[in-house]
Amino acid sequence: MLHTRITEGPLAAYQSTNESAGDGAELVFFGRVRETERGSRILGLRYEYYPTMAEAELARLARQALEQFAISALRCDHRVGDVPIGDASLQVVIHSKHRAEALQAMAWFVSELKRSVPIWKWAIYPDGRVEPCGPCHGCSSDPEQRDDDEPHPDAHAAIGSP
Amino acid sequence: MIVTVRLFSHVRHLLERDSMELHLAPGSRGCDVEARIRALLPEASRNQPFRLAINHEFVSDTQALLNDGDEVAILPPMQGG
C-alpha cells in the first residue's frame, strides 16, 4: 500500500487499523515545528513547495522505498502553508514484517525527502518577519549535516516572503 | 524564445519575486538560465548551491537544451520534513 499527499491544513493523526496480520511492525513518525529557528523564537514555519513536482517526487520516493526495503506499506502526508509551533508538518507510517526494515526505511525515506522533495521552510517571527530558513551562503547543503537551529551569520531583510 | 523561471526560498527572497520570464537565444541551455539568475543575485549569494528542474524534472545535465515555453526551476537545497 502506498499513499503520499501534500496538503494545507492540519494533518489528521494516523489511526492504526491493524489490518495487516502479516506485519509485526507499524512505525509512525511525526515531524513537528520547533519553537526556535537559528536560536530565535518563532511563531511557526511557512512551508513553500513547488506544486506538481513536489507531489511527483514524494510519490517517486515512496515507490523507491517500497522497492528498496522489505516493507509492505508506506503512507506520507506533508503539510504546506503556515504550520504553528508544535503542529506536525510531516507524518510517515511504515509497515513491515520485522522492525528493522521499517526503522531502516523510515530513516532513509525522511532523509531523502529532505534532500529531494522541493519543499522549503520560512520562519515566521513574532515581529512579523518571514524569512527563509536553513542554508544559504556558505552553509552546508546536506540536510544531515546542517543544524537549522544554529544562529545564522547572514540575516536578510524581510522581503519577498511566500 | 521565452522560458518561465520559478524561484524559491532564498532566491525568491533575494529577488523579491517567485517567477520571471527570460528571453533567450535559440539553442540556450539550462546553465544559461542558471547563469542569468546568479548574475541577478547579490555577490555574496552567487555561489550558493542550486539544482535545476526543467518542466518539473530534475536535470543532472545543465547543458540540456531548452525550448520555447519551458519552465525552469531554480531549486535551492530542499528542506522538507
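Is Arg5(A) buried, partly exposed or exposed, and at what relative accessibility? Arg5(A) counts as partly exposed, because its relative accessibility is 36%, between the limits of 20% and 50%. The views below come from a predicted model.

**View 1. A salt bridge joins Asp77(A) and Arg5(A)**. The two side chains meet at 3.0 Å, N to O. Distant parts of the chain are linked here. Asp77(A) sits in strand E6 of chain A. Arg5(A) belongs to strand E1 of chain A, residues 2–8. The partners are 72 residues apart. Asp77(A) counts as buried, because its relative accessibility is 3% and the cut-off is under 20%. Arg5(A), at 36%, is partly exposed.

**View 2. Glu35(A) forms a salt bridge with Arg41(A)**. Their closest N and O atoms are 3.4 Å apart. Glu35(A) has a relative accessible area of 41%, so this residue is partly exposed. Arg41(A) has 53%, so this residue is exposed; the class begins over 50%.

**View 3. Arg129(A) pairs with Glu131(A) in a salt bridge**. The closest N and O atoms lie 3.4 Å apart. Arg129(A) is partly exposed, with a relative accessible area of 30%. Glu131(A) is buried, with a relative accessible area of 3%. Elsewhere, salt bridges that share partners join Glu48(A), Arg12(B) and Asp18(B) into one network. Over all chains, the structure holds 13 salt bridges.

**View 4. Chain B meets chain A**. In this interface, 27 residues of chain B contact 39 residues of chain A. The two chains bury about 2700 Å² between them. Carbon and sulfur atoms carry 60% of that area. Which residues of chain B lose the most area to chain A? They are His13(B), Gln79(B) and Gly81(B). Together these three account for 28% of what the chain B side buries.

**View 5. A salt bridge crosses from Glu48(A) to Arg12(B)**. The side chains meet at 2.6 Å, N to O. How many salt bridges are counted between chain B and chain A? The count is one. Arg12(B) and Glu48(A) also belong to a network with Asp18(B), built from salt bridges that share partners.

**View 6. The second largest pocket has a volume of about 290 Å³**. It is lined by 16 residues. Closest to the pocket centre are Tyr14(A), Thr17(A), Glu19(A), Ser20(A) and His95(A). Two elements of chain A give two or more residues to the lining: strand E2 (25–32) and strand E6 (71–84). Which element gives the most? E6(A) does, with three residues.

**View 7. Ala44(B) lies in a loop of chain B**. The loop runs between helix H2 (30–40) and strand E3 (51–54). Is Ala44(B) buried or exposed? Ala44(B) counts as exposed, because its relative accessibility is 63% and the class begins over 50%. Leu22(B) gives a reference point for distance. From C-alpha to C-alpha, Ala44(B) and Leu22(B) are 23 Å apart in space. In sequence, 22 residues separate Ala44(B) and Leu22(B).

Conventions. Residues are numbered from 1 along each chain as its sequence is written. Chains are lettered from A and ligands numbered from 1 in the order in which they are written. This is a predicted model: local features need pLDDT of at least 70, side-chain atom pairs count only at pLDDT 80 or more; totals for chains, interfaces and linings use all residues. Side-chain values use heavy atoms; hydrogens and water are left out. Helices (H or I, at least four residues) and strands (E, at least two) are DSSP runs, numbered from the N terminus. Buried means under 20% relative accessible area, exposed over 50%, partly exposed in between (1.4 Å probe, protein chains only). On a 1 Å grid over the protein atoms alone, a cavity is a set of points where a 1.4 Å probe fits but cannot get out, and a pocket is an open set with protein on both sides within 12 Å along at least five of seven lines; lining residues have an atom within 4 Å of a point. Grid points are joined across faces, edges and corners, and a volume is the space filled by probe spheres set on the points. Contact means heavy atoms within 4.5 Å. Buried area is the accessible area (1.4 Å probe) that two parts lose on being put together, summed over both. A salt bridge is a side-chain nitrogen of Lys or Arg within 4 Å of a carboxyl oxygen of Asp or Glu.
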